[in-house]
Amino acid sequence: MLVFKVYELYQALEEDSLSLFYLGDVSDNITEKLIALNDRRLSEAGGGKSNRKIGFLIAECFQNVIRHQEQPHGVNGLQHASPMFMVRHHNQKYAVASVNLVRNEKVAPLQAKLGNLSRLDSGELKKMYLDILPGGEYSDKGGAGLGLIEMARRSGQQFQFDFERRDEAHSLFFFQLNMQDEKLRQQPAASLPVTKQLYNSLQQDEILLLYKSDFSQDSMLPVLEMIEHNMYRQGPDMFKQKAVLYVLVELFQNIMKHGAAWHGRQEGVLTICKKAGNYMLCAGNFVAQDKIPTLRQHLLQINALDKGGLQHLYKQELRNTHVSTKGGAGLGLIETGRYSSGAFDFSFVTVDDHHSFFTLSTAI
């Protein structure tokens, strides 16, 4: 069940103050959304120069996927090979990673060039960058281009990379950079093997996006725009796209307005996946134990009603509810039920004497 899978992913990323995994269509339009999504987090962290470096690495790593990815069409045996872009803030360090397909004949040359880059110090990297800038010797598609050299220079640390053969023609190329202050070098950073495990786990459940953070209004718009772009590229079903975006807004609002604070943050996780033509949306957040009986009763009531019953309940609640800044008493959940194609799936996992982790999934 997706609700348990999402809680499992939340636990794997629990120490992150920010986790963003985006799988599927990648294009230039997504880059600005990624930057906008990280702007608030970077502003909170302070450090103008470091922020500019991180912003550059996020944009360049994503552009690297756009420039060098292979997009085979009609090739069997390439399931679970979507491109992926990842940003994590873990142990006060940023990890930026990309995954994309490359043709097998490019793997050995790329390994050699990346291995060479990883052995160079900052001065040697700068010299290489300046030497090849006029001719662009490394700028051919699939090569270790100027972008990779500049990423190695600006991160100031060795990058990690690996290849996994997927069929006779293609391999997956994993690339990761970590950014950390000198004084934090002794703390463990996110490792590439862990990124590969997470990638495979997300692929198995056909997850298009996972976002875990301190939820706010500022972060909602970039996430919605990324999903909107992804759906637009997959098909022209405008009604379904509108329903998905509406429910995503409701799930966002639910975490922001009704979730319990956890370690001083409005902590939550949001995922969207596509299975058998339907979008599966799932959100998780902390709730106070004393709120659970009422919430469970409300969810069971919604699950028991058909569309007509939900319409009647919505009007009834609208007449009886005093709408405050925290929102109506469950009106958003009733509306979500009206857009959903089936019953809610939900779970409560006790985490301490005062809180449980509440996970809700629905299909559109």
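Predicted model: local features only at pLDDT ≥ 70, side-chain atom pairs only at ≥ 80, totals over all residues.
Ten strands form an open sheet in the order E4-E5-E3-E2-E1-E6-E7-E8-E10-E9, and their pairing is antiparallel. Its edges are strand E4 (160–165) and strand E9 (345–350), each of which pairs on one side only. On average, neighbouring strands of this sheet are turned by 15° against each other, direction ignored.

Strand E7 is mostly covered, with 7 of its 9 residues buried. On one side, strand E6 (residues 207–214) is joined to E7 by 7 bridges, and the two run antiparallel. In this pairing isoleucine 207 stands opposite cysteine 273, and aspartate 214 stands opposite glutamate 267. E7 also pairs with strand E8 (residues 278–288), in the antiparallel sense and over 8 bridges; here leucine 270 stands opposite alanine 283. E7 and E8 form a hairpin with 2 residues between them, and alanine 276 in the turn has a positive phi of about 50°.

Helices pack against these strands. Helix H1 (residues 2–12) lies across strand E2 (84–90), E6, E7, E8, E9 and E10, and runs at about 130° to E10. Helix H9 likewise packs on the sheet, where it touches E6, E7, E8 and E10; the direction of H9 makes about 10° with that of E8.

The largest nonpolar core holds 76 residues, of which Phe175, Leu209, Val244, Leu248, Ile272, Leu281 and Leu299 touch the most other members. Helix H9 (residues 238–258) gives the most to this core, with 9 residues. A second, separate core comprises 32 residues, including Leu13, Met84, Cys273 and Cys282. Phenylalanine 175, one of the residues named for the largest core, is in contact with residues that include Cys61, Val96, Leu114, Leu148, Met151, Phe159 and Phe161, its neighbours within four places in sequence being left aside.

Which residues surround isoleucine 364? Isoleucine 364 is placed in the segment after strand E10 (355–363). Beyond residues up to four places away in sequence, isoleucine 364 touches Lys240, Ala243, Val244, Val247, Asn278, Tyr279, Leu281, Tyr339, Ser340 and Ser341. Valine 247 is 117 residues from isoleucine 364 in sequence, yet their C-alpha atoms are 8.7 Å apart in space. Isoleucine 364 has a relative accessible area of 6%; because buried means under 20%, isoleucine 364 counts as buried.

Conventions
Residues numbered from 1 in each chain as written. Heavy atoms only, no water. Helix = DSSP H or I, 4+ residues; strand = E, 2+ residues; numbered from the N terminus. Buried < 20%, exposed > 50% of the residue type's maximum accessible area, 1.4 Å probe, protein only. Contact = heavy atoms within 4.5 Å. Core = buried A, V, L, I, M, F, W, Y, C linked by side-chain atoms within 4.5 Å. Pairing = 2+ DSSP bridges. Axes fitted to C-alpha atoms, helices over the stretch in contact; angles between N-to-C directions.
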